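Subject: Structure handover

Hi,

Here is the structure for you to open. My notes on what was found follow below.

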Amino acid sequence: MESDIKKIIKQLNKLCPHLSIFQFSPLLDADDNGLWLISYNGIGIQLESSSGNCPFLLESNEHNTRYHLNSINEVISKIETELNLSEK
């Protein structure tokens, strides 16, 4: 079964193919590899889930608010808002 993060990335790439999306590669085995970085027009999003499935923690370099998102649709909607994708 396809993980939630793979579904999210597919939907984001359809929505805006110019997004930069990559998974953080930990330096140590003890580090979590459940961290994805998404950026567009200088705005950065950090999406975190140790399993790659919901729920996700979302943070932005634009403010200090942390969002706990429980569904794929919530993640996509919040990323659209944070990156101002509806204005592209």
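Start with Glu82. Setting aside neighbours within four places in sequence, Glu82 is in contact with Ile43, Ile45, Leu58, Ser60, His63 and Tyr67. Contact here means heavy atoms within 4.5 Å. Glu82 sits in helix H2. Helices are DSSP runs of H or I with at least four residues, strands are E runs of at least two, and both are numbered from the N terminus. With 11% relative accessibility, Glu82 counts as buried. The cut-offs are these: buried is under 20% relative accessible area, exposed is over 50%, and partly exposed is in between (1.4 Å probe, protein chains only). Glu82 and Leu58 lie 24 residues apart in sequence, and their C-alpha atoms are 10.0 Å apart in space.

A word on the source. This is a predicted model, in which local features need pLDDT of at least 70 and side-chain atom pairs count only at pLDDT 80 or more, while totals for chains, interfaces and linings use all residues. Residues are numbered from 1 along each chain as its sequence is written, and side-chain values use heavy atoms, with hydrogens and water left out.

Helix pair

Helix H1 covers residues 4-15 and helix H2 covers residues 72-82. The two pack at an angle of about 40 degrees, with their axes 10 Å apart. That makes H1 oblique to H2. Axes are lines fitted to C-alpha atoms, for helices over the stretch in contact, and angles run from 0 to 180 degrees between N-to-C directions. Angles under 35 degrees count as roughly parallel, over 145 as roughly antiparallel, 65 to 115 as roughly perpendicular, and the rest as oblique. The crossing of H1 and H2 is right-handed. In a right-handed crossing the near helix is turned clockwise from the far one by less than a right angle; anticlockwise is left-handed.

Which residues meet between H1 and H2? From H1 come Asp4, Lys7, Ile8, Gln11, Leu12 and Leu15. From H2 come Ile72, Val75, Ile76, Ile79 and Glu80.

Ile8 is in helix H1. Its relative accessible area is 0%, so Ile8 is buried. Not counting residues up to four places away in sequence, Ile8 touches Leu47, Phe56, Ile72, Val75 and Ile76. Ile8 and Ser71 are 63 residues apart in sequence, yet 9.9 Å apart in space, C-alpha to C-alpha.

Asp4 is also in helix H1. Asp4 is buried, with a relative accessible area of 15%. Leaving out residues up to four places away in sequence, Asp4 touches Gly52, Asn53, Cys54, Phe56 and Ile72. Asp4 and Ile72 are 68 residues apart in sequence and 6.6 Å apart in space, C-alpha to C-alpha.

Salt bridges and cysteines

How many salt bridges does a search of the whole structure find? There are 2. A salt bridge is a side-chain nitrogen of Lys or Arg within 4 Å of a carboxyl oxygen of Asp or Glu. Side chains of opposite charge can pair when their charged atoms come close.

- Lys10 and Glu2 meet at 2.7 Å, N to O. Lys10 is partly exposed at 49% relative accessibility. Glu2 is partly exposed at 31%.
- Arg66 pairs with Glu59, with the closest N and O atoms 3.4 Å apart. Arg66 is partly exposed at 49%. Glu59 is partly exposed at 22%.

The structure holds 0 disulfides (pairs of cysteine sulfur atoms within 2.5 Å). Cys16 is buried, with a relative accessible area of 1%. Cys54 is partly exposed at 23%.

Backbone points

Most residues other than glycine have a negative phi, and most peptide bonds are trans.

- The peptide bond from Cys54 to Pro55 is cis, with omega near 5 degrees. Pro55 is in the loop between strand S3 (43-48) and strand S4 (56-60).
- Asn41 is not a glycine, but has a positive phi of about 50 degrees. Asn41 is in the loop between strand S2 (35-40) and S3. At 67% relative accessible area, Asn41 is exposed.
- Asn84 is not a glycine either, and has a positive phi of about 55 degrees. Asn84 is in the segment after H2. At 36% relative accessibility, Asn84 is partly exposed.

Best wishes
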